Amino acid sequence: MEVGNGLKLNLKNDEHLVIKKFLSENSVVESNLASFNNFVEKRMQEIVDEINETLKGDEDMEIQLGKIRMEKPNVIESDGSMSMLTPAEARIRNLTYSSPIYLEVAVKHEGQVENQEVEIGRIPIMVRSKVCNLSDASKEVLIDNYMDPLDPGGYFIVNGNERVMSMKEDLAANQPFIEPVKDKLTLRLFSSRGSYRIPMTVVENANGILEVSFSRFRNIPAIVLMKALGLVKEADIARYIGKETDSVIVNLYEFAKIANPEEAMLYIAEQTSVHGTKKEILDRVKQRLDSYFLPHIGLKKDKRVDKAITLCKLIKQYLNFKEDAKLKTEKDHYANKRVRLSGDLLADLFRVNLNIFVRDIKYSLQKKGKLSGSSFFV
């Protein structure tokens, strides 16, 4: 192969050089192992902290979650004793290669606080991960424990059987995609933050009004949404969009009478059938805007203006595409794809089950607190 300045590049013996170099230094399951290790070392605690922020105590009782930790894989024998478990033993005895999980739980009741570390369950452990009992073992130790030194791991052992967690391909989160949907130009974005993964769309209706849909809110005028988020002045909205087109002027003029966020929220409530007193309506609209509109930017009220500015930028992309169809987003391109590995999938499962566990423990503690004033941790 001839390149510039008469130089020749011979790729005959160097095909896939980068891939060969990577595989010579890393196993084929390295990405899955790294994902699982990240889940155990960081993401589990992040999920606990995330759920802890949502726990709201009442006058009678308050629950707080603390540090979470995991022990090495073990097995509890019939006589109650505990012993270390190896992958080979789990296979032979038809056991699950798993570890217990411990979580600090603090309960405040009638001015008294009890804090204790409790076992909340067990989780299967990936063979050769950092939690595995043979993760750093030498060749001799692996052989002594009936483990092939060339076994890269990356799988689980459940009831004595080896199980692999299949990777899942998904569209990239927090990234806009613009394409025609049912003959209507549509901007879509999956806003992802923790347990939140909210789809949001921007379209233009037959009257030229730009409309936004997310969660239970459908076809909300984009200008009204911006004003509800605190971006009230038309000059600021036009400046952030950065395009002086007829479409922008029409949208700004149509909702010029809405002068403050409260009026915009009441307009949204009327369009979406939110009922109640004025205070209840405003509180519900604010809660939905904070939690369900672009949650990856933030869940607090001080992020509302940032969300409005982001919406302006998304509308600018939408209008640019209307002018030049070549800007179409190719959602099947690898740059717009993500592969969800074992750590990502386990994080989703852990978050769901921890939420269920917290609800159950709150119910049990409330029931027990009414029956007696004894310790909750018995």
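Helices (H or I, at least four residues) and strands (E, at least two) in these legends are DSSP runs, numbered from the N terminus. Please keep in mind that this is a predicted model, in which local features need pLDDT of at least 70, side-chain atom pairs count only at pLDDT 80 or more, and totals for chains, interfaces and linings use all residues. Residues are numbered from 1 along each chain as its sequence is written, and side-chain values use heavy atoms, with hydrogens and water left out.

Start with D290, which sits in helix α9, the run covering residues 278–292. With a relative accessible area of 10%, D290 is buried; buried means under 20% relative accessible area, exposed over 50%, and partly exposed in between (1.4 Å probe, protein chains only). The side chains of D290 and R304 are joined by a polar contact of 2.9 Å. A polar contact here is a pair of N or O atoms within 3.5 Å; within protein, one must be able to donate a hydrogen and the other to accept it, and residues adjacent in sequence count only if both atoms are side-chain atoms. Setting aside neighbours within four places in sequence, D290 is in contact (heavy atoms within 4.5 Å) with G298, L299, K300, K301, R304 and K307.

**View B. D170 in strand β8, facing R197.**
D170 belongs to strand β8, residues 168–171. Its side chain makes a polar contact of 3.3 Å with the side chain of R197. If you leave out residues up to four places away in sequence, D170 touches R197, N336, K337, R338 and R340.

Look for Q175 in the loop between β8 and β9. At 22% relative accessibility, Q175 counts as partly exposed. Beyond four places in sequence, the residues that Q175 touches are R188, L189, A335, N336 and R338. F190 is 15 residues from Q175 along the chain, and their C-alpha atoms are separated by 7.0 Å.

**View D. I178 in strand β9.**
I178 is placed in strand β9, which spans residues 177–181. Is I178 buried or exposed? I178 is buried, with a relative accessible area of 4%. For a sense of scale, T310 lies 132 residues from I178 along the chain, and 16 Å separates the two C-alpha atoms.

**View E. M147 in the loop between α4 and β6.**
The loop that holds M147 runs between α4 (139–144) and β6 (156–158). M147 is buried, at a relative accessible area of 4%. Not counting residues up to four places away in sequence, M147 touches P87, V127, R128, L134, L142 and Y155. One of these, P87, is 60 residues from M147 in sequence and 7.8 Å away in space, C-alpha to C-alpha.

Most residues other than glycine have a negative phi. N219 is not a glycine, yet has a positive phi of about 55°. N219 is found in strand β13, residues 217–221, and is partly exposed, with a relative accessible area of 39%. Phi of S273, also a residue other than glycine, is positive and near 60°. S273 lies in the loop between α8 (261–272) and α9, and is exposed, with a relative accessible area of 51%.

**View G. The second largest pocket.**
This pocket has a volume of about 260 Å³. Of its 13 lining residues, the closest to the pocket centre are I101, R122, L349, F350 and N353. The elements giving two or more residues to the lining are β5 (112–124) and α11 (342–371), and α11 supplies the largest share, 6 residues. On a 1 Å grid over the protein atoms alone, a pocket is an open set of points where a 1.4 Å probe fits, with protein on both sides within 12 Å along at least five of seven lines; lining residues have an atom within 4 Å of a point. Grid points are joined across faces, edges and corners, and the volume is the space filled by probe spheres set on the points.

**View H. Cysteines C132 and C312.**
C132 is buried, with a relative accessible area of 0%. C312 counts as buried at 0% relative accessibility. How many disulfides does a search of the whole structure find? The search finds 0 disulfides, a disulfide being a pair of cysteine sulfur atoms within 2.5 Å.
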